[in-house]
Amino acid sequence: MAQPSGFSGFFSAAAFAAANPGDIITLLTDATGSGVVINKDITIDFAGYTYTFTEGVGSSGTPSNGFQILKDNDVVLKNGTLEVAEASKDKFYILVQNYADLTVEDMTLDGTNLDKWSLVEADQDSYVLSNNSGTVNITGETNIIANNEGDKAYAFDVCKFASYTEPVVTVADTGTIKG
């Protein structure tokens, strides 16, 4: 098994890129920074801390995701909070865009500041956790909070993308899903 990696107060796309597949990245303090495209098997243990996104990632022309998790990976997000900075809310409409096998354990996915489309076009959607492929397990005391200021703010969706496998989402244990 790979040696766990730790980044003290510094979690970025560059730091993430330095991690090996199978590593456990552990936050050692609250951190703020850009979104990350995840294209490897990885566990991110937030250790009770919060990661706040200020710049998005995504497909060409739509860099409006916090995490974009690509297919054929096994990813675990646990023990912390993901959110968008208040000052960056006009840049985001998806907190976690998922195409992989994903476990979300004892997390708060706070979509309160997912405002990009509601500020630009009132008829567009925002998603805290968008599931387009893979098996997703939401476990433990996980809370998913959508922005409650618009009509089309969703806690999560399940929508098969292209030729990818159909997503399957399982919600277990306790927690709150609002939106």
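Biologist: Does Thr50 count as buried or exposed?
Modeller: Thr50 counts as buried, at 19% relative accessibility. Buried means under 20% relative accessible area, exposed over 50%, and partly exposed in between, with a 1.4 Å probe and protein chains only. Please note that this is a predicted model, in which local features need pLDDT of at least 70, side-chain atom pairs count only at pLDDT 80 or more, and totals for chains, interfaces and linings use all residues. Residues are numbered from 1 along each chain as its sequence is written, and side-chain values use heavy atoms, with hydrogens and water left out.

Biologist: Where is Thr50 found, and which residues does Thr50 touch?
Modeller: Thr50 is found in strand β6. Strands are DSSP runs of E with at least two residues, helices are runs of H or I with at least four residues, and both are numbered from the N terminus. Not counting residues up to four places away in sequence, Thr50 touches Leu27, Asp30, Ala31, Thr81 and Glu83, where contact means heavy atoms within 4.5 Å.

Biologist: How many residues apart are Thr50 and Thr81 in sequence?
Modeller: They are 31 residues apart in sequence, while their C-alpha atoms lie 4.5 Å apart in space.

Biologist: On to rings. How many aromatic pairs are there?
Modeller: The count comes to five aromatic pairs. Rings of Phe, Tyr and Trp (its six-membered ring) pair if their centres lie within 6.5 Å; planes under 30 degrees apart count as stacked, over 60 as edge-to-face and the rest as tilted. Phe53 and Phe67 form an edge-to-face pair, at 5.2 Å centre to centre and 85° between the planes.

Biologist: What does that pair tie together?
Modeller: Phe53 lies in strand β6 (residues 50-55) and Phe67 in strand β7 (residues 65-69), so the pair ties together parts that are 14 residues apart in sequence. Phe53 is buried, with a relative accessible area of 0%; Phe67 also counts as buried, at 0%.

Biologist: And how are Tyr127 and Tyr154 paired, stacked or edge-to-face?
Modeller: That pair is stacked, with 5.5 Å centre to centre and 20° between the planes. The pair links distant parts of the chain, since Tyr127 is in strand β11 (residues 126-131) and Tyr154 in strand β14 (residues 153-158), 27 residues apart. Tyr127 is buried at 15% relative accessible area, whereas Tyr154 is partly exposed at 32%.

Biologist: Which residues do ring pairs link into a cluster?
Modeller: Tyr51, Phe53, Phe67 and Phe92 are linked in this way.

Biologist: Changing topic: where does Lys40 lie, and what is the nearest side chain of opposite charge?
Modeller: Lys40 lies in the loop between β4 (36-38) and β5 (42-45). Lys40 is buried yet has no salt bridge, and the nearest side chain of opposite charge, Asp23, is 7.1 Å away. A salt bridge is a side-chain nitrogen of Lys or Arg within 4 Å of a carboxyl oxygen of Asp or Glu. For charge, Lys and Arg count as positive and Asp and Glu as negative, while His and the chain ends are not counted.

Biologist: Which backbone oxygen does the side chain of Lys40 reach at 3.3 Å?
Modeller: That is the backbone oxygen of Ala17. The backbone oxygen of Ala19 also lies 2.5 Å from a polar atom of the Lys40 side chain.

Note on methods
Polar contact = N/O pair within 3.5 Å; in protein donor to acceptor, adjacent residues only side chain to side chain.
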